[in-house]
Amino acid sequence: ASAAAHPAGHAVTLWARSPEQAAQMQACHENTRYLPGIPLPSALRVASGDWAALARAADLVIVATPMAGLRGMLQALAPVARAPVAWLCKGFEQPQPGAAAGGAGLLAHEVCEQVAPGLLAGVLSGPSFAQEVARAQPTAMVAASPHAPVRDALVRALHGPSVRVYANDDWVGVEVGGAVKNVLAIATGLCDGLQLGLNARAALVTRGLAETTRLGLALGARAETFMGLSGLGDLVLTATGDLSRNRRVGLLLASGQTLAQAVESLGHVAEGVYSARTVAGRARQLGIEMPITEAVVGLLDGRLAPAEAVAQLMGRDPAADRPV
Ligand SMILES: NC(=O)C1=CN([C@@H]2O[C@H](COP(=O)(O)OP(=O)(O)OC[C@H]3O[C@@H](n4cnc5c(N)ncnc54)[C@H](O)[C@@H]3O)[C@@H](O)[C@H]2O)C=CC1
Ligand SMILES: O=C(CO)COP(=O)(O)O
């Protein structure tokens, strides 16, 4: 919302589901709970309550919930939104209650195709820690959608002095990159927490990108998307940047915390924790090998101790490794 309010002439409303938080943000021009110390642009209006009227009148709606809230938001938006709708969440939805055994979680665009197929929809992704975007530090992102009006609306709304937006029609590749990098950031956090060294971290990033690309290709993505901002770019940022909540989960697990303790102490969502099993499950269904993801799942499930996860990766049969 801050980035969209910066280019002159855009009327931007930030809608919050908590009326108390909306009132506090409107009064102080600061989000003291999630982005303390960063002023919100004075032109930004904050609202709560009846959002349907806002959504009906908007030229663009951006949904900034975690994956867990996306389905409900899209269901609610489908009958009212006439303008493009984009989401920011990065992950796979957890399998729905009552899904058939082996039913896997979905990417955001797959959720949208299920519950709001008529929506003009897209995703905004790429290396973009919220704190830096809100401080107007230079950031480059990707607006991905098969619908040109959605890509154009996102570029028009956000492209400005501190944000550069690249359009891409490969939303499968953009979403796979955004979802799997969170799982890989848990792995690099663990690697750094265990002080395994910079060589090991570079290996995880590179081999992680290879397994992400394999999954993406099997799901219909284009290979070059994984070399772009939403693939390599966001993976490097999240795997190495200490602002990442997913990386912090890995660091906390390495320090001996349980998963429950790590998640509790974050106070924010770490989507990799909820996506890892689905990433591994979908890869298995497709016959794709994702050894780093499998090691993270073993760790999150409590089947592997940190040192065992490392040993599992290092002990793989060399014949099982593929160039990409
Ligand atoms: N924080 C960041 O730097 C970036 C985050 N993202 C993605 O944006 C999404 C949201 O992340 P953050 O805002 O950073 O997480 P956060 O944990 O800081 O905040 C999540 C917010 O969503 C609300 N929420 C929780 N469950 C909800 C539900 N079922 N329905 C509606 N709202 C719900 C929470 O009350 C909270 O206000 C995630 O998918 C994340 O991967 C993407 C790019 C950067
Ligand atoms: O996606 C992000 C930056 O692009 C944020 O990553 P985390 O959710 O790990 O903090």
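Tutor: Let us begin with arginine 201, which, if its neighbours within four places in sequence are left aside, is in contact with Thr188, Cys191 and Asp192 (contact requires the C-beta atoms of two residues, placed from the backbone, to lie within 7 Å). The model is a predicted one, in which local features need pLDDT of at least 70 and side-chain atom pairs count only at pLDDT 80 or more, whereas totals for chains, interfaces and linings use all residues. Residues are numbered from 1 along each chain as its sequence is written, while chains are lettered from A and ligands numbered from 1 in the order in which they are written.

Arginine 201 belongs to helix α9 (residues 198-218). Helices (H or I, at least four residues) and strands (E, at least two) are DSSP runs, numbered from the N terminus. With 17 other C-beta atoms within 10 Å, arginine 201 is partly exposed; a residue is buried if 20 or more such atoms, placed from the backbone, lie within 10 Å of its own, exposed if 12 or fewer, and partly exposed in between. Between arginine 201 and glycine 281 there are 80 residues in sequence and 24 Å in space, taken from C-alpha to C-alpha.

Helix α9 also takes part in the surroundings of helix α14: the buried residues of α14 pack against α8, α9, α11, α12 (259-266), α13 (271-286) and α15 (306-314). Of the 10 residues of α14 (residues 291-300), 8 are buried, so this helix is largely enclosed by the rest of the structure. Those buried residues include Ile292, Glu294 and Leu300. Just after α14, glycine 302 has a positive phi of about 80 degrees.

From the helices we may turn to the sheet. Its 5 strands form an open sheet in the order β5-β6-β7-β8-β9, and the pairing is mixed (two strands pair if DSSP finds at least two bridges between them). At the edges stand β5 (61-63) and β9 (163-168), each with a single partner strand, so one side of each has no neighbour in the sheet. From one strand to the next, the twist averages 25 degrees. Strands β8 (residues 139-144) and β9 run parallel and are joined by 6 bridges, and methionine 141 stands opposite valine 165 in β9. Helix α8 (residues 171-193) packs on the sheet and touches β7 (121-125), β8 and β9, its direction making about 40 degrees with that of β7. Such angles run from 0 to 180 degrees between N-to-C directions, with axes fitted as lines to C-alpha atoms, for helices over the stretch in contact.

The domain assignment of the protein chain gives domain 1 (2-171) and domain 2 (179-320), the bounds coming from an automatic or database assignment. Their centres, taken over C-alpha atoms, are 25 Å apart. At the contact between them, 21 residues of domain 1 meet 22 residues of domain 2. On the side of domain 1 that touches domain 2, β8 and β9 each supply at least two residues. The largest share of that side, 3 residues, comes from β8. By class, the side comprises 12 nonpolar, 7 polar and 2 charged residues; here Ala, Val, Leu, Ile, Met, Phe, Trp, Tyr, Cys and Pro count as nonpolar, Asp, Glu, Lys and Arg as charged, and the others, Gly among them, as polar.

Both domains also give residues to the shell around ligand 2, so this ligand lies between them. Among the residues that surround ligand 2 are Lys90, Ser128, Asn182, Asp234 and Arg245; a residue is near a molecule if its C-beta atom, placed from the backbone, lies within 6 Å of it. Helices α8, α10 (229-240) and α11 (245-254) each supply at least two residues of this shell, and α10 gives the most, with 3 residues. The shell around ligand 2 holds 4 nonpolar, 5 polar and 3 charged residues.

Ligand 1 is surrounded by 17 residues, of which the closest are Gly69, Cys89, Ala130, His268 and Val269. Its shell draws at least three residues from each of domain 1 and domain 2. Helix α4 (residues 67-77) contributes the most to the shell around ligand 1, with 3 residues.
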